[in-house]
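Subject: Structure handover

Hi,

The structure is below. My notes on it follow.

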Amino acid sequence: MKKSGCCPKCGHHDILYVPAKGIYRRNAYQDIIVDYHKLKVEQYICKTCGYVESYICEDHLKKMEEL
Ligand SMILES: [Zn+2]
């Protein structure tokens with residue numbers, strides 16, 4: 001979904017991207033805490049069926065290498 005821009009459940013391409021920070025932050029953003037490391041999450045939401053995929057934002061992928 002992140003790379004294809006296509007919903008894996010229903011196949012539609014109308015995807016809402018919710019960044020880890022920004023105007024949607026207070027509503028949709030969630031952190032994952034692992035050993036006191038805060039990992040920011042970005043989400044992709046299918047506007048057709050409502051399916052949600054979540055990814056650790058790329059800035060924090062390196063943090064996970066240390067975990
Ligand atoms: Zn869908």
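Leu16 has Ile45 in β3 as its bridge partner. The model is predicted: local features require pLDDT of at least 70, side-chain atom pairs count only at pLDDT 80 or more, and totals for chains, interfaces and linings use all residues. Numbering starts from 1 along each chain as its sequence is written.

**Strand pairing**

Strands here are DSSP runs of E with at least two residues, helices are runs of H or I with at least four residues, and both are numbered from the N terminus. Two strands pair if DSSP finds at least two bridges between them.

Strand β3 covers residues 37-46 and runs antiparallel to β1, with four bridges joining the two. Ile45 also has a bridge partner in β4, namely Val52. Five bridges join β3 to β4 (residues 52-56), again antiparallel. Val41 stands opposite Ile56 of β4. Strand β2, residues 31-34, pairs with β3 over four bridges, also in the antiparallel sense. There, Val34 faces His37 of β3.

**Turns**

What separates β3 from β4 in their hairpin? Five residues lie between the strands. Gly50 sits in that turn, with a positive phi of about 90°.

The hairpin of β2 and β3 has two residues between its strands. Check the backbone here. Asp35 is not a glycine, yet its phi is positive, at about 50°. Tyr36 is not a glycine either, and its phi is positive too, near 70°. Asp35 is in the loop between β2 and β3.

Asp35 is exposed, because it has 6 other C-beta atoms within 10 Å. Tyr36 counts as exposed because it has 5 C-beta neighbours inside 10 Å.

**Ile15**

Ile15 lies in strand β1, residues 15-18. Ile15 counts as partly exposed because it has 18 C-beta neighbours inside 10 Å. Which residues does Ile15 touch, leaving out those up to four places away in sequence? They are Met1, Gly5, Cys7, Tyr44, Ile45, Cys46 and Lys47. Contact means that the C-beta atoms of two residues, placed from the backbone, lie within 7 Å. Gln43 is 28 residues from Ile15 along the chain, and the two C-alpha atoms are separated by 10.0 Å.

**Whole protein**

The protein has two helices and four strands. Their order from the N terminus is β-α-β-β-β-α. There are 67 residues, of which 6% count as buried. Of the contacts with a separation of 6 or more, 47% involve residues 24 or more positions apart.

If you open one region, start with β3. Its pairings are with β1, β2 and β4.

Best wishes

Note on methods
A residue is buried if 20 or more other C-beta atoms lie within 10 Å of its own, exposed if 12 or fewer, and partly exposed in between; C-beta atoms are placed from the backbone.
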